[in-house]
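Hi,

Here is the structure I promised to pass on.

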Amino acid sequence: MSGIEEMERIDVDRVRSYPPRTSEFTQPFWEALAAGRLQTTRCAACGALSFPPKPVCPHCWHGEVRWTPLQPLGRLYSWTRVHAGPEMFAAELPYEVGIVDLDAGLRLALRLVAVPGREFAPDMPVRLVVLRFRDGPLLAAMLR
Amino acid sequence: MRRAAILGTAAVPVRKYQRKASEPIQTVEHEMIARLVVEAMQDAQVEKSEVNAIVCAHPRPYTKQKYFSTFMAHYLRLPCSGVVMETMGNGMTAALAFDKACDEILLGRAEVALAFGVNMEMSVTSAEHMKDSVRATGDVDFHSPSGLIPISWYAMDAVRYMHEYGATRAQLASVAVKNRAHAALNPLAQYRAPITLDEVLAQRPIVEPLGLYEVPPRGDGAACLVIVSEARAKASGLPYVLVRGRGFFHEGAHQISEVPNDMIRFVAAETAGRLAYEAAGIGPGDLDLAELYAPCTIVEVLAGEALGLAPRGQGAAAAAAGETRLGGRIPISTSGGLTSRGHPSYATPLYGMVELAEQLRGRAGARQVEDAELGLSSNELGNYNAALVHVLEARR
Ligand SMILES: [Zn+2]
């Protein structure tokens, strides 16, 4: 599809602190993410997008969905910096997480990647990026 | 129409009870609950033979005894033809125990039902405990891997609220100061030494912008309520607390709506509150006090607004102006709230009910709200994605 940007891939030299599971159904999401492409499911009946990708449409419960690419651009709805976290994230503290509203009309919650000298604030434009850990990818967002 | 009432209460002060497994002497949950049941039954002046249902908040996984409700039926030799069960629903867990015990009364299966809960977790470190809680407040595959923790959602509420309404850090922090002042008057409270606004603002950040005193402390606790039919309550000749209205709403989203919405308008609290007010035939302006399940300062502000206790966007300013203090326009969390009374999570909503029952029976001592007639309880799960609201009325 034309006009869809590829996401920047940022190498991270360690494994993910709390790795997600891949199912047969979500495998296309994770494989595309590793390749720098963001995609999710769209309902074949009502056209609604889902995130996370789901095998049924949560809106109309239709059972047929299609993978559709998403423009990895949006705005920061809110964010926080976590200073006290679970054991498995201890080495990463403090870290930032945020809620991003994609231009496509989906809301996501994900890790934020800080840009030195720039503080996060609501409504700032962001782009999504892929954090390429040794054991697999995670989706994150950066200020544009 | 049958109605339910609270006739007896008992609770232990919130603090650390659970001991490390290596210690020679341990705290045993069922001993604690057995004592509280007897104490609450004495408070209600009800005979053991009248009890016909047990609804228990599911304990933490750190409680060794499993199938706690049926075990307690045995421990107390309490045959029942109403239900014997445990409830579970994140922060709402103990509120569901109260609600389901009331249902047994409403259904006519029991004239007397027990609702109790015990929360023991203090032998486990916060970092260890959070390993489990990240699984509860987000999609384990799409949220938890990014490091989102339960209170990070509330922190993001705070950032958005300050951004949209120009509320200040000091206004939010004033909620913690107010709650500590209330807790100073509550013998059940965990943290009772008064604190200043400067002290709250000077605490180390936990989830920005919230610091240590604006997020929930951890604690152990246990509480028991004796729930009876209105007729049985009347016959007792004792002051009692009538459940006059109830509302529940789950917004069909957990932590986050993938369809962008106004996240800081707590729709579940708004809807459950409206249903409870309608059932009670009152409005928020009729209330004398409210106990809100609010793990963080911002949550008390947003839940208060959703329940009509302050206009939208003005809850933080109202708190800073003293409107929610004892003696203010609408005292909120006279117990000290989760931030100071304490937050033994799976028992917390029962502590809220105990506080309302004390206030509405005129037994709250130095923190008594004068002539308190109507009180509201609101409990939640997630980022207030579901709310369970009760309107309680004093009957003397
Ligand atoms: Zn659909």
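Predicted model: local features only at pLDDT ≥ 70, side-chain atom pairs only at ≥ 80, totals over all residues.

**What I found**

The largest nonpolar core has 71 residues, and those with the most contacts inside it are B:I6, B:F98, B:L114, B:F116, B:L225, B:V226 and B:I227. (A nonpolar core here is a set of buried Ala, Val, Leu, Ile, Met, Phe, Trp, Tyr and Cys residues joined through side-chain atoms within 4.5 Å; buried means under 20% relative accessible area, exposed over 50% and partly exposed in between, with a 1.4 Å probe and protein chains only.) Helix α1 of chain B (residues 29-44) gives the largest share of this core, 8 residues. Helices (H or I, at least four residues) and strands (E, at least two) are DSSP runs, numbered from the N terminus. Apart from that core lies another one, of 60 residues, with A:I99, B:Y154, B:A319 and B:I330 among them.

Residues are numbered from 1 along each chain as its sequence is written, chains are lettered from A and ligands numbered from 1 in the order in which they are written, and side-chain values use heavy atoms, with hydrogens and water left out.

Back to B:I6: leaving out residues up to four places away in sequence, its contacts (heavy atoms within 4.5 Å) include B:F98, B:Y240, B:M353 and B:L392.

Now the place where the chains meet. Chain B puts 39 residues into the contact and chain A 44. The buried area (accessible area, 1.4 Å probe, that two parts lose on being put together, summed over both) is about 3,400 Å², with 61% of it from carbon and sulfur atoms. B:F142, B:E208 and B:E258 supply 22% of what chain B buries against chain A, more than any other three residues.

There are 5 salt bridges between the two chains, a salt bridge being a side-chain nitrogen of Lys or Arg within 4 Å of a carboxyl oxygen of Asp or Glu. B:D141 forms a salt bridge with A:R21, with the closest N and O atoms 2.9 Å apart. On the side of chain B that touches chain A, α4 (126-133), α5 (150-165) and β5 (205-207) of chain B each give two or more residues, and α5(B) gives the most, with 8.

B:E214 counts as buried because its relative accessibility is 0%. Beyond its neighbours within four places in sequence, B:E214 touches residues including B:R169, B:C296 and B:T339.

Cheers
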